[in-house]
Amino acid sequence: MMHEPELDVLIIGAGFGGIRMLHEARRRGLSARVLEVGNDVGGAWHWNRYPGARTDSESWVYCFGFDKDLQDDWDWPERYPSQPQVQAYLKHVVERFDMHREIELNTRVEAAVFDEGRDLWTVTTESGQRIVCRTVVSATGPLSAPQEPPYPGLADFQGEWYLTARWPHEPVDFAGKRVAVIGTGASGIQVAPLVATVAERLTIFQRTANYVLPARNYVLDDLQRQSIKSRYDEIWEQVSRQAMGMAMNPANRVIGDVTPEQRQRLLEAAWEEGGFRFFLETFDDVFVDPESNGAVSDFIRNKIRTIVKDPATAELLCPKSDHPFGAKRPPLGNFYYEIFNRDNVDLVDVSSNAIDDVTETGIRLADGTELEFDIIIFATGFDALTGALTRIDIRGRGGRSLAEKWQDGPRTHLAMAVDEFPNFFMIAGPQIPFANAPAMIEPAAETIGEAISQLRDKNQTRVEVASEAVEEYNNLLHAFYNATIFPAGAKLRAWWLGTNVEGKTLGVAMNFGGFPNWAASVKAEAAEGFKHYRYSATSHAQLTPAADVKAGADVT
Ligand code: NAP
């Protein structure tokens, strides 16, 4: 039986990455389809719809840069768009480019198996649908596999409970309720200030104090929006040169260049400016020089002590001396520390007195203390970077799964490809830079699109990255990592090192070498003819009927 693949590209996920990849495939004349588990597009911005959810990137760089008309016809209302604003933007993009017919919602991918005899993937969904395609591009997102609350007693809890990462569509009524928030990462510190204003009592359970920077969100007026639109070329140019893919300038100074008085003045000004500008526009050595990092860390601790009136609470909120600024991803808060001055907000330190269990009426700590709640919010984080991929049964050459291959931590080429997994690419996969996501998606989609187009142009059926290239990239990532303060995050359970997940092996799952280097390498790969990739053609012209392809089975 002669078969052609049903599709050139099957894309998993309809968030920023999947939508951008679909556009790339279409513009190259490749047949493509997106499978999305959610009932709407948006990815992270579909699921994380908790009150207070908004980006930490400024709106004018948290968008696509591939189409000038798209840029011109979209108005961002605020400096940092809220979850509804980002999702509305992504829906607008899908609408504008008429993408709906190629996006299948409510469809969970369960497995993807590579058929070595025919160089094709068979993708199986939860409902039993099987799709045979030449290539698979996963755009499952780095932070999309939430950790389930690990408390057996939760099933008996008589109140309501929510995961920030799976927030319901219906509004949650906090008025007059006793509410617990567990977790003080970016999600917990965003939801808490809004809950504090309506709940009768809000209790925040903190295990590790974090450095929360003030976001200083503001509404953009007409002139600001007009100015942004007129400067987009300049904005993307800045983004391409900036370490985190943001429209900011490097500080062009290190801590040793200034006097203590100047240092204080610079940090004060940047604190007022808000957002990541606080560290990106002050000193260029914050993540590499312990003295610079120490100055920034102490500055923030002093701010916490200034804002929070109760000295004991302020001390609990101050990150400890073994926690350099940035060793865990610093969140942006909207009046986070300020809520601890309210009478209805308590902080419970669970660093040494852990949460033992959820009871019928609330939370029990290790020392036996029981606290009663009507609502519990779990902002307990994600099986980041690898989780969304290893939860799918993805099997490459030899029937080996990605989960098995990454048992000791992920190893990729430029966060884009994996050896032994031919015709498989990732948009923003593990080992992406610590940077603004939409900026990273752009070069990745272009290069992956080109790699797939070349299969057709060269009349080949298989493309696979060389193991040596993966090895080389990983050596580089380790060198970056070891030259920075980031290793301190391992014992602080930083999600980008995997240590936030029980039993997960420490891996350098992020590239700490900055966005521009990585983007240049991604672009060079295409410009230099994919010298780290091997193209080949199968001698088999026939395609095994999809029903015969089983997970891990050898197909000959
Ligand atoms: P997270 O940063 O991993 O924070 C999880 C929090 O839950 C930590 O405070 C952690 O404590 C706590 N926790 C986990 N298990 C616990 C337990 N058993 N007992 C007590 N505390 C527990 O997760 P996240 O806040 O969801 O953020 C993850 C990432 O998503 C962010 O860093 C960011 O990159 C992204 N994000 C971005 C935005 C934005 O752009 N605005 C918003 C939300 C999320 P420990 O620290 O002690 O482990």
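## Aromatic pairs

A search of the whole predicted model turns up 41 aromatic pairs. Phe 530 and Tyr 533 form one whose ring centres lie 5.8 Å apart. Their planes meet at 90 degrees, so this pair counts as edge-to-face. The cut-off for that class is over 60 degrees. Both partners are away from solvent: Phe 530 is buried, and Tyr 533 is buried too.

## Overall fold and dimensions

The protein contains 16 helices and 22 strands. Its 556 residues would give a compact globule a radius of gyration near 24 Å. The protein has 24 Å, so the value agrees with that expectation. Along the principal axes, the C-alpha atoms fill a box of roughly 75 × 55 × 45 Å.

## Burial, surface and charge

Buried residues account for 58% of the 556 in the protein. The accessible surface comes to about 22,200 Å². Carbon and sulfur atoms own 48% of that area.

On the charge side, there are 55 positive and 78 negative side chains. The centres of the two sets lie 2 Å apart.

## Two residues with positive phi

Most residues other than glycine have a negative phi. Two residues here go the other way. Asn 423 has a phi near 55 degrees, a positive value in a residue that is not glycine. Gln 431, also not a glycine, has a positive phi of about 75 degrees.

Where do these residues sit? Asn 423 is in the loop between α13 (402-405) and β18 (424-426). Gln 431 is in the loop between β18 and β19 (432-433).

Are they buried or exposed? Asn 423 has a relative accessible area of 0%, so Asn 423 is buried. Gln 431 is at 0% relative accessibility and so counts as buried as well. The cut-off for buried is under 20%.

## His 92 in helix α4

His 92 lies in helix α4, which covers residues 83-96. At 22% relative accessibility, His 92 counts as partly exposed. The reason is the cut-off: buried means under 20% and exposed means over 50%, so values in between are partly exposed.

Which residues does His 92 touch, leaving out those up to four places away in sequence? The answer is Leu 70, Asp 73 and Trp 74. Leu 70 is 22 residues from His 92 in sequence. In space, the two are 9.2 Å apart, C-alpha to C-alpha.

## His 169 in a loop

His 169 belongs to the loop between β7 (160-163) and β8 (178-182). Its relative accessibility is 47%, so His 169 counts as partly exposed.

Beyond neighbours within four places in sequence, His 169 is in contact with Asn 39, His 46 and Arg 49. Arg 49 and His 169 are 120 residues apart in sequence. Their C-alpha atoms are 7.6 Å apart in space.

Definitions and conventions
Residues numbered from 1 in each chain as written. Predicted model: local features only at pLDDT ≥ 70, side-chain atom pairs only at ≥ 80, totals over all residues. Heavy atoms only, no water. Helix = DSSP H or I, 4+ residues; strand = E, 2+ residues; numbered from the N terminus. Rg over C-alpha atoms; globule rule 2.2 N^0.38 Å. Buried < 20%, exposed > 50% of the residue type's maximum accessible area, 1.4 Å probe, protein only. Areas by Shrake-Rupley, 256 points an atom, 1.4 Å probe, with all protein chains shown as cover. Lys, Arg positive; Asp, Glu negative; His and termini not counted. Charge placed at Lys NZ, Arg CZ, Asp CG, Glu CD. Phe/Tyr/Trp six-rings, centres within 6.5 Å; stacked < 30°, edge-to-face > 60°. Contact = heavy atoms within 4.5 Å.
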